[in-house]
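This report describes selected contacts in one protein model.

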Amino acid sequence: MTALATMVRGARNAFRSGTNITETNIRRSLQFSGGGSIPLIGGESATYEQLYKQQPWVRAAVDRTAYMIGRLPMKVYSNPDEPDARERLRDGLLVELLKRPWSGGGSLTTGTQTDFLQAIIKNISWHGNMVFVKSRNGAIEELIPSNAGHWSVKEREGLSLYVFAPGRGKPSVVFYPEEVVHFKFWAPGTATWAPSPMESIRSTLMLEDAAQRAMISSFENGMRQSGFFTAPKEMSEAQFQRLRAQMAESGGGPDNAFKRLLFDNGITWQKMSNDAQESEIINIRKMNREEVAAAFGKSPPMIAFSTARPSTTS
């Protein structure tokens, strides 16, 4: 028997309301980044959630959609597929569930309809998927949100099984499809698990991170161009170190930005590279913003970015 089959045994209808280790781990999963990540220049990497927190245009695009959809009401209808016979229901188990999809517990506050919709939008914006776990006590009492980065789908005998991996050395838990609610973007082929939208702008996110770090570095180094100084005659080690220290003191750091460096005894400064404007970093960042907006289906003005000059009227 495979490890997956062993985990599956007894899983059907096993998740119930009340405190248990699995439920606690699912609730706590929202506190931790998981799933995919983007490699960054310099050997570092960042998870999708970290990029959302660190790159303002990713956050603006995701939040814009989440806030707009989060304001929509969720309604329940009988005969929803028959327009002439459709009738809105104002009471019942599903109506009550959608009023408060989950109760407070662990790190969660009580979930409202707005929280429910925003949890869907933000997770599928980061991961392409969102998974809620049905918590039962006979009827479904809660739809517990989770971080989609901790989930995967395994195919077994024609059945899609949902595997939750808490991480930190904790065992995975398998759920049958009827025990979860899975929202996702459309996936190519027959894929049950959708790819993250972040993957389509992988290079863009790498460039944006590199551009931000380069501009910060330029300020930390006093907005000085890379270069070297020349002296008319050979300097001793002590003279070299003293000159180097004086340059760091008078020209380093953002407080000394744009100060001129003055040399005597025939020492001159030779420029080696261009500044941020000349090396097109600013234009690269503008292009990155447009590509992020496009990836999330937004025009640049919708995320408060426009290259158009403001017009004036008399």
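## Terms and basis

Contact means heavy atoms within 4.5 Å. Helices (H or I, at least four residues) and strands (E, at least two) are DSSP runs, numbered from the N terminus.

The model is predicted: local features need pLDDT of at least 70, side-chain atom pairs count only at pLDDT 80 or more, and totals for chains, interfaces and linings use all residues. Residues are numbered from 1 along each chain as its sequence is written, and side-chain values use heavy atoms, with hydrogens and water left out.

## Helices α7 and α9

Helix α7 (residues 202–220) packs against helix α9 (residues 281–295) at an angle of about 145°, and their axes are 9 Å apart. Axes are lines fitted to C-alpha atoms, for helices over the stretch in contact, with angles running from 0 to 180 degrees between N-to-C directions.

On the α7 side the contact is made by T204, L205, L207, E208, A211, Q212, A214 and M215; on the α9 side by I281, I282, R285, N288, E291 and V292. These residues divide into 8 nonpolar, 3 polar and 3 charged. Here Ala, Val, Leu, Ile, Met, Phe, Trp, Tyr, Cys and Pro count as nonpolar, Asp, Glu, Lys and Arg as charged, and the others, Gly among them, as polar.

## N129

N129 belongs to strand β5 (residues 129–137). Its relative accessible area is 0%, so N129 is buried (under 20% relative accessible area; exposed is over 50%, partly exposed in between; 1.4 Å probe, protein chains only).

The side chains of N129 and H182 are joined by a polar contact of 2.9 Å. A polar contact is a pair of N or O atoms within 3.5 Å; within protein, one must be able to donate a hydrogen and the other to accept it, and residues adjacent in sequence count only if both atoms are side-chain atoms. A polar atom of the N129 side chain also lies 3.2 Å from the backbone oxygen of H127.

## Aromatic pairs

The structure holds 7 aromatic pairs. Rings of Phe, Tyr and Trp (its six-membered ring) pair if their centres lie within 6.5 Å; planes under 30 degrees apart count as stacked, over 60 as edge-to-face and the rest as tilted. F116 and F183 form an edge-to-face pair, 6.3 Å centre to centre with 80° between the planes. F116 is in helix α6 (residues 113–126) and F183 in strand β10 (residues 180–184), 67 residues apart. F116 is buried at 5% relative accessibility, whereas F183 is partly exposed at 29%.

Ring pairs link W102, F116, F132 and F183 into a cluster.
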